[in-house]
Amino acid sequence: MKKDMRDETDNVIERNIVLIGKIYESFEALEETLGTLKLEEPLFLTYVAKKAFANSVYNNLKNDNTYKTRFNN
């Protein structure tokens, strides 16, 4: 029973990591495109949004007991 719960937690964590990675890659691609087009204001806004997203993900992980418990064992 405990192993099943741990396997499910691992699956959820893996899906979340993949989703977060795809979102971050989208920010990177958007930054590259806006930089190529020399659109400075949208480029800056995208940079700020990417940084806010990364901070939010980090803070959520830091405060989520599921991740703390899973990776501290």
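Where is the place of Lys50? Lys50 sits in helix H2, and the points below start from the model as a whole and return to this residue.

1. Basis. This is a predicted model, in which local features need pLDDT of at least 70, side-chain atom pairs count only at pLDDT 80 or more, and totals for chains, interfaces and linings use all residues. Residues are numbered from 1 along each chain as its sequence is written, and side-chain values use heavy atoms, with hydrogens and water left out.

2. Overall make-up. The protein has three helices and zero strands, in the order α-α-α along the sequence. Helices (H or I, at least four residues) and strands (E, at least two) are DSSP runs, numbered from the N terminus. Of the 73 residues, 11% count as buried; buried means under 20% relative accessible area, exposed over 50%, and partly exposed in between (1.4 Å probe, protein chains only).

3. Contacts. Among contacts with a separation of 6 or more, 48% are between residues 24 or more positions apart. A contact means heavy atoms within 4.5 Å.

4. Helix H2. The 24 residues of H2 should span 34 Å at 1.5 Å a residue, and the end C-alpha atoms are 35 Å apart, which agrees. The expected span is 1.5 Å times one less than the number of residues. Thr46, Lys50 and Val57 are the buried residues of H2, and H1 is included in what covers them.

5. Lys50. This lysine is buried, with a relative accessible area of 10%. Apart from neighbours within four places in sequence, Lys50 is in contact with Tyr24, Phe27, Glu28 and Glu31.

6. The aromatic pair. A search of the whole structure finds one aromatic pair. Phe27 and Phe53 form this pair, which is tilted, with 5.8 Å centre to centre and 45° between the planes. Phe27 lies in H1 (residues 2-36) and Phe53 in H2 (residues 40-63), so the pair ties together parts that are 26 residues apart in sequence. Rings of Phe, Tyr and Trp (its six-membered ring) pair if their centres lie within 6.5 Å; planes under 30 degrees apart count as stacked, over 60 as edge-to-face and the rest as tilted. Phe27 is buried, with a relative accessible area of 16%.

7. Surface. The protein exposes about 6,100 Å², of which carbon and sulfur atoms supply 59%. Accessible areas come from the Shrake-Rupley method with a 1.4 Å probe; for residues, only the protein chains shown count as cover.
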